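Subject: Structure handover

Hello,

I am passing this structure on to you. Please open it first, then read the notes below.

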Amino acid sequence: MATDLGSSVPRRHLGNILRELRTEARMTLDGVSQAIGCSRQKIWQLEAGLRPVRPLDVRTLTTLYAANPDLATNLTTLATETTARGWWHAYDNPVPATFTPYPSLEATAARIRTYHESLIPGLLQTAAYTRAAHPHRPDDPDVRRQRTDLLTRRLPPPPRLHAVLSEAVLLRPAGGPDVMAAQLAHLLTLAETPTVTIQVLPLTAGATAATLAGPFTILDFAPGNRTTPDPPVIHRELLTGALYLDRPEEIAAYERVWTKLTTRALDPEASTHLIDKHRHHLDDGR
């Protein structure tokens with residue numbers, strides 16, 4: 001019987017942080033393995049999230065890398081969660097914001113599928129819409145630019161983004177008519193991008209499978225240099241934290257919801273017509 005290693009997300013998250021710390025310390029995999037007396041493969045597996053991480057390993061590595069003591073303590077705690085089934089990441093987690101898990105998962109995904117019923121997805125937002133929708137969230141232009149550039153980057157190839165939006169998102173103004181009209185125009189521009197698909201779930205569709213599921217994102221990954229890709233990850237953003245799921249039965253459940261959503265939603269062409277209709281309505285009301 002195969003050993004259940006739990007969710008891969010905290011392992012991958014911790015591995016990314018350890019790799020960043022090693023890079024900042026200007027050390028190679030060989031150098032680390034020699035310094036702490038272990039195999040090069042073990043360090044690579046830890047950084048790749050392929051094995052659970054012992055708190056002792058984290059303490060040894062963070063000491064070697066001269067990491068900030070508070071960060072080292074919290075990474076050691078994170079190591080105890082690398083066998084968790086599903087993973088909750090609280091927003092008050094003292095790990096620095098630059099090491100939060102979602103941006104790195106998003107940046108390495110080959111395909112991103114997302115359903116939203118309240119707000120425009122972050123990757124599709126204009127800067128003005130973001131500020132209006134999140135007035136109390138610190139605006140980091142560099143982080144926002146890195147996210148929006150994700151859809152137009154040349155190397156590595158951009159992920160394929162498929163977004164399903166409830167029509168209520170188009171009707172819920174953020175920042176006033178001018179900001180919302182510009183946001184809808186931005187959606188129409190992005191919809192012409194070959195790697196972006198936008199569908200609208202009309203209000204007339206009624207209750208759907210997503211009514212219980214709520215907003216979610218499915219991230220799929222390419223194999224890269226490995227024989228098998230990392231498992232897909234379900235991301236659900238909530239008020240005080242984010243939930244990450246990657247167990248096969250969880251993925252299968254959200255895949256079923258996604259299939260029903262894309263079937264009930266308008267096709268991409270009809271969706272752009274509806275978006276344009278709401279944009280014109282805003283223009284006429286100004």
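Of the 286 residues in the protein chain, 43% count as buried. Buried means under 20% relative accessible area, exposed means over 50%, and partly exposed is in between (1.4 Å probe, protein chains only). This is a predicted model: local features need pLDDT of at least 70, side-chain atom pairs count only at pLDDT 80 or more, and totals for chains, interfaces and linings use all residues. Residues are numbered from 1 along each chain as its sequence is written, and side-chain values use heavy atoms, with hydrogens and water left out.

Overall build

The protein chain has 13 helices and seven strands. Both are DSSP runs numbered from the N terminus: helices are H or I with at least four residues, strands are E with at least two. The C-alpha atoms fill a box of roughly 70 × 45 × 35 Å along the principal axes.

Contacts need heavy atoms within 4.5 Å. Among contacts with a separation of 6 or more, 74% come from residues 24 or more positions apart. The accessible surface comes to about 15,000 Å², and 55% of it belongs to carbon and sulfur atoms. Those areas come from the Shrake-Rupley method with a 1.4 Å probe; for residues, only the protein chains shown count as cover.

The helical part

Start with helix 3, residues 40-48. Its buried residues are K42, I43, Q45, L46, E47 and A48. They pack against helix 1 (9-24), helix 2 (29-36) and helix 4 (55-64). Just after helix 3, G49 takes a positive phi of about 70°.

Then look at T76 in helix 5 (residues 69-79). T76 counts as buried because its relative accessibility is 12%. Beyond its neighbours within four places in sequence, T76 is in contact with P55, V58 and R59.

Strand 3

Strand 3 covers residues 160-166 and holds L165. With 0% relative accessibility, L165 counts as buried. What does L165 touch, leaving aside neighbours within four places in sequence? Its contacts are H116, I120, P121, L170, L187, I198, Q199, V200 and L201. T227 is 62 residues from L165 in sequence and 34 Å away in space, C-alpha to C-alpha.

A163 also has its place in strand 3. A163 is buried, with a relative accessible area of 1%. Not counting residues up to four places away, A163 touches T114, P121, L124, T197, I198 and Q199. L124 is 39 residues from A163 along the chain, and their C-alpha atoms are separated by 9.1 Å.

Charges

The chain has 31 positive and 30 negative charges, and their mean positions are 5 Å apart. Lys and Arg count as positive, Asp and Glu as negative; His and the chain ends are not counted. Each charge is placed at NZ of Lys, CZ of Arg, CG of Asp or CD of Glu.

Side chains of opposite charge can pair when their charged atoms come close. A salt bridge here is a side-chain nitrogen of Lys or Arg within 4 Å of a carboxyl oxygen of Asp or Glu. By this rule the count is twelve.

One of them joins R12 and D230, at 3.8 Å from N to O. This pair links distant parts of the chain: R12 is in helix 1, and D230 is in the loop between strand 5 (216-220) and strand 6 (233-237), 218 residues apart. R12 is buried at 5% relative accessibility, whereas D230 is partly exposed at 22%.

Another salt bridge pairs E47 with R19, at 3.9 Å from N to O. This one also links distant parts of the chain, with E47 in helix 3 and R19 in helix 1, 28 residues apart. E47 is buried, with a relative accessible area of 4%. R19 is partly exposed, at 31%.

D276 and R279 form a salt bridge too, with their closest N and O atoms 2.7 Å apart. Why are D276 and R279 separated by about one helical turn? They are three residues apart in helix 13 (residues 268-285). D276 is partly exposed at 23% relative accessibility.

Salt bridges that share partners also join R111, R113, D220 and E255 into one network.

Best wishes
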